[in-house]
Amino acid sequence: MVWPQQKSQKPADEEEPACDVIGRPKYAGETNIEESGQSLPVVMDLSHFEKDNSVSCRLASPIPDVCKMEDCCLGIDEAGRGPVLGPMVYGICFCPVSKKEDLKDLQVADSKTLTETERENLFQKLDEARSYVGWALQILSPNTISTSMLQRTKYNLNALSHDTAIGLVQYALASGVQVKEIYVDTVGPAEKYEEKLSQRFPGIEVTVRPKADSLFPIVSAASICAKVARDHVVKGWNFAEVLGDVDKDYGSGYPNDPKTKTWLSKYLDPVFGYPQFVRFSWSTAQTLMDSKAVTVHWDDDEEDGEKAAQRQNNRSMLSYFSAAPGGNIPNQTHQSHRFFTERRLKSLDTL
Amino acid sequence: MATKKKRAPNVENDSWVVVAADSVIDTRTRDRNPSFVRLRNPSTDAASLYMLGSGDVQLYEVKAFEEDFHSWFVGQTVQRDGRLLFVTAMDPLYLILPYLIKSDKEGKFQPVDQIVMDEEFPACSRLLSCTRSLVSLHHITEEKEVGNLKFHRYSQEKTMNWLKKKVERTVVALKKRNISVGEGVKSTTYIRVKSDSDYSEVDYLRYAHGLISDYISEDLSKALLSHLQLPELTSPKETEPPSKKRKLSDKPVEAGEDYTKFNSADFARKPPKKMTAAQKTLAKVDKTGMKPMSSFFSPKVKAEKK
């Protein structure tokens, strides 16, 4: 029942970028930021995602005019690939090739080597450099990740990552950014990914490197945007479920964090499993549900070949085209008319 | 992870999801509740579930829609069986008919309450209180009235005519509901190539006969088929090809070249075992330059001497 609603909202994210772009007027606190000094300013407006955190959502800075005129380089990075909790955030950052050095002067570095405060401050600096630096984010909600990975035709995290990255580059191109160079931290084998992206964007020089976030400042900048967004989203997660006062002490969200494990055990519902905050497709979540929640059987569950054949009575494919399937009532030779078998209707002898 | 899920045994339900006619719960006339009863199914001769309307005035059959992998959310609870029960009105004559046929062997006119008796299903006598039972008995029996008492004897001829009418009415219903009756179409979800007008009257008759046959004995069904002047169909099973390739011989295949060890008597081809995910990943590991585990257990002496 919930799905149609969510689906109807999804196209809005993808097809009408105009309404996704969080323009400057929205975070109106610049003077306040300078006044407040030490305390962390709210630098990113995430209200658009927080309104419905079950879907994929795009946030973006305004496009600097200079990026539309000059050749630009673009960095791609992601945050929150491994955790069992919270969204995965993809970020792109772009600036004119001529301004690469200016970016270095901002001393953006790989987001993993920085403390949270340092990241916030760096994001602040990027924001101040808005005359030549632009960014865009795609927040993939944990629900999106779960449903992608667990749907009938499996859509794995790598494919999801690649497609999200491609979508963001497309967004930049569609917004008029003169992208000439792309730098990406690799997901999967670097050569394959590089080939895929090069083919997708002919005329753009694509560089896929492991550890790209520490090699290229533009990738570091993208990683900071992504990480800051993820931190904020996770901290202020709006639970769609009625859970009362939710214990927000879920640690890092990584599967090996004891706090995360404790939290997962605490919020396991025997019927529904977890809130949408949890990535159901993670083996951590699945193992816990397998052992502690009610068993749920799906149509496409993998069964042992033998068992599946037994269940289906090992009938030949051809039999489906001739005789009406009988055997609904095992101990009887009697076959119901196909009117009933086709409609899966049968008589009962007890309730 | 793809673990083996064990199916918990089906726990008995104390509630069901039922689709029923309004008349089922209409208790205005009598103050008794409708009840589920087990009665003899005329087609299978075994027990089937039926429902008798309030005060036994109306008979309903109970059919269940049942498919794998379904469950219900009912209010704030989960119901494990995804069954949907249908309670639909039914002509009680179908259930009375087998008793009449059975008593016909005695060839006598009898009061109907002596005929409709069953030690196994004592509830069958309640069928006679249905509003339609006694008034429509004349469709399938010859009647004699002595004083205030009515006596009945089964009539094959009347029954055939009655069933024929049922088939004809079913044909009308089938046409009205656009039910696909052609032999070529087996799935109702299929998009039909043939339009309805392409089905012959025989297709409809045969389908309706099959449907009615679910409510009468096999003998009666055969008799009805000839009464409708429909030729008997050869069993569809005979036309079904064997489900598996037949082995030509049980002997192992003799190889042209010398693969003797595979042909030795005690060699049995084992089916390739499915590997677990962990084993699969292990199998992919680059093992160049690694000693096999077994080498650690074999005598080292010779290797050391060389």
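In which crossing, left-handed or right-handed, does α1(B) pass α4(B)? The crossing is left-handed, a label used if the near helix is turned anticlockwise from the far one by less than a right angle. This is a predicted model, where local features need pLDDT of at least 70 and side-chain atom pairs count only at pLDDT 80 or more, while totals for chains, interfaces and linings use all residues. Residues are numbered from 1 along each chain as its sequence is written, chains are lettered from A and ligands numbered from 1 in the order in which they are written, and side-chain values use heavy atoms, without hydrogens and water.

**The helix pair in chain B**

- Helices (H or I, at least four residues) and strands (E, at least two) are DSSP runs, numbered from the N terminus.
- Helix α1(B), residues 93-103, packs against helix α4(B), residues 156-176, at about 155° with axes 13 Å apart; axes are lines fitted to C-alpha atoms, for helices over the stretch in contact, and angles run from 0 to 180 degrees between N-to-C directions.
- α1(B) and α4(B) are therefore roughly antiparallel, the term for angles over 145 degrees.
- Leu93(B), Tyr94(B) and Leu97(B) of α1(B) meet Thr159(B), Trp162(B), Leu163(B) and Lys166(B) of α4(B), where contact means heavy atoms within 4.5 Å.

**The sheet in chain A**

- Six strands make an open, mixed sheet in the order β1-β4-β3-β2-β5-β6 (chain A); two strands pair if DSSP finds at least two bridges between them.
- β1 (56-60) and β6 (205-209) of chain A are at the edges with a single partner strand each, so one side of each has no neighbour in the sheet.
- On average, neighbouring strands of this sheet are turned by 15° against each other, direction ignored.
- Strand β5(A), residues 179-185, runs parallel to β6(A) over five bridges, and Val184(A) has Val208(A) as its bridge partner in β6(A).
- Helix α9(A), residues 157-174, packs on the sheet, touching β1, β2, β3, β4 and β5 of chain A, and makes about 35° with the direction of β3(A).

**Strand pairing in chain B**

- β7(B), residues 84-89, pairs in the parallel sense with β1(B), residues 18-20, over three bridges; here Ala20(B) is partnered by Val87(B).
- β7(B) also pairs in the antiparallel sense with β4(B), residues 59-65, over six bridges, with Thr88(B) as the bridge partner of Glu61(B).

How values were computed: Angles under 35 degrees count as roughly parallel, over 145 as roughly antiparallel, 65 to 115 as roughly perpendicular and the rest as oblique.
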